[in-house]
Amino acid sequence: MCGIIGYIGKKPATPFLISGLKRLEYRGYDSAGICVLENGALEIIKEEGPIKMLEAELANKILNSTIGIAHTRWATHGRPNKINAHPHFDCQKKIAVVHNGIIENFQALKVLLESEGHKIISETDTEIIAHLIEKFYVDNLEKAVTETIKCLEGTFGLAVMCATEHKIIVARRGSPLILGIGENETFVASDASAIIEHTQQVIYLKDNEIAILSEDGYSLKNINGELLTGETQEIKWTIDEIEKGGFKHFMLKEIFEQPKTIANTLRGRVNNGSIKLSVNLDPKKVDKIIITACGTSWHSALIGKYLIEKIVGLPVEVDYASEFRYRNPIIGPNNLLIVISQSGETADTLAALKEATNCETLGIVNIVGSTISREVKSGIYLHAGPEIGVASTKAFTSQVTSLILLALYFEEQISGEVDRELINELESIPQKIQSILDNAKEIKAISQNFIGSHNSLYLGRGINFPVALEGALKLKEVSYIHAEGYPAAEMKHGPIALIDENMFVVFVVNHGPIFEKVISNIQEVRARGGRIITITDMDNEVIKKLSDYVIMVPSVSEELSPLVNIIPLQLLAYYVADLNGVNVDKPRNLAKSVTVE
Ligand code: M6R
């Protein structure tokens, strides 16, 4: 949560800070602020609300400073107002701090600092960091920051400036920070999207590392002050991949990118009908798989359970990461813990991963170099490119694709055989998704009927039950319409009581053994006056008669059906939200990357 950007070089810092903040706004948009060093004094300008409020405030100012730090906030400690906005000062306004993360011992530190005379004005945990640095500061900011972080419990990505030193000191523990290495300039940011238009050379900071950025470049140290050599990596994403590419919102762009992103997830991993994954573990030694994740990634995990149990025959447990870590999970040495995370930074998922001290771990992650990707023993990158829309879409289909690849890989490693037909079919999925996208106008027209609705039910069975959950999550996240996902057959055990002519019910039903059973569920909703949208691959007269709207999808094997069925549900959520006037890329109260528990 929260986004940080910092710049030091030869050019005015403010334009870099503002453009970086705009790219980081998906991480939080409760308030934004910058700090620059002007004529030997630190100047902080901050505003409540999105970056454009800050930008408007800055329009009347001339700032020539070539050094600065900035922050966009997703509120944790303290309301989203101007006082709580970052950067935060110490008592003398000589030290300014921006912070992403949560300081767990901030109350105790606050009491201590106040007893020593410090005046703390905000409700944030961040402000105490500025005062602690002030307490330790003699004449060296780096030393004061090092002493300070030794006192902090919790998580932080920090960037700090001091009025008497032309430097930015950054430090991390648990919250992501990267350095961008340019010519005669250095950046720090929460992620690459903020700096990629200026440099593609980056260093991912590790926990307890401190970087000193000056006009001459940077140096990296550990918490004991020993010099380190950071590993510079090249980011391959282009700025075009990050921009909206002509679409109204990132979410829509990312929905339409899915034929390409799924192809990217598959690229190089299917070779002559065989699956190639760089997974350093022997599936023959695995006796149980546990998958843990949050949100959309948890829905992928549920699909993964279905796929692995069906294709590989290994038992799979799925848990919300936030529950897993607090329920004393029984993890055996022959178990495999799979963690799924688009960002690779979700705090609950990371904490769940840390529970697995005695077994193999595998990450399915999008962001290269993210914390989870570094902490797992082996992994599969999604290669879906940056996902900027807060509502996850293309990451979901790439996660499901990765899980299909993993199941097929395990099958081949364990039995020496693999379902080649399924592999061939998997390779045709991008084209099938394209055919649904080509029909987006039809879904847009149907979405108009949702206007004014307040409640909806999404129903599916088997591997399509998690698809119903994901469809419902998408609708509620971006349109604020209440949506509940349910296994279709469970409807009669309770939710059926909700059905009347104001209730929209979305069915996901494919050909196969349970087709007729779902038809009975559709009958039950029709009989109670519910309004029905059916997503199906069956050109079936009964469905047409019972449903108000039918959205046809290409017919594929059951294992692959989530990949096609989710597409109309994503489009439906997007169009309903856009018609309702919601800023789809920045739905209220949400942040893209939940790096706090
Ligand atoms: O980055 P992660 O995949 O770990 O994120 C997990 C959830 O926070 C995320 O999927 C969230 O539910 C999205 N807003 C869903 O659209």
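**Ground rules.** I am reading a predicted model, in which local features need pLDDT of at least 70 and side-chain atom pairs count only at pLDDT 80 or more, while totals for chains, interfaces and linings use all residues. Residues are numbered from 1 along each chain as its sequence is written, and side-chain values use heavy atoms, with hydrogens and water left out.

**Entry 1, the ligand.** I looked up the residues near the ligand (a heavy atom within 4 Å) and found 14, the closest being Ser297, Ser341, Ser343, Thr346 and Glu477. For polar contacts (pairs of N or O atoms within 3.5 Å), I noted that a polar side-chain atom of Thr346 lies 2.4 Å from a ligand oxygen atom, and that a side-chain N or O atom of Glu477 is 2.5 Å from a ligand nitrogen atom. The protein covers 91% of the 410 Å² of accessible area that the ligand has on its own (Shrake-Rupley method, 1.4 Å probe).

Strands here are DSSP runs of E with at least two residues, numbered from the N terminus. I checked residues 185–189 and found that five of the five are buried, so E10 is largely enclosed by the rest of the structure; buried means under 20% relative accessible area, with a 1.4 Å probe and protein chains only. Glu185, Phe187 and Ala189 point one way, and Thr186 and Val188 the other.

Strands pair if DSSP finds at least two bridges between them. E10 pairs antiparallel with E1 (residues 3–8) over four bridges, and Tyr7 stands opposite Phe187. Five bridges join E9 (residues 178–182) to E10, also antiparallel, and here Ile181 stands opposite Thr186.

Terms used: Polar contact = N/O pair within 3.5 Å; in protein donor to acceptor, adjacent residues only side chain to side chain. Buried < 20%, exposed > 50% of the residue type's maximum accessible area, 1.4 Å probe, protein only.
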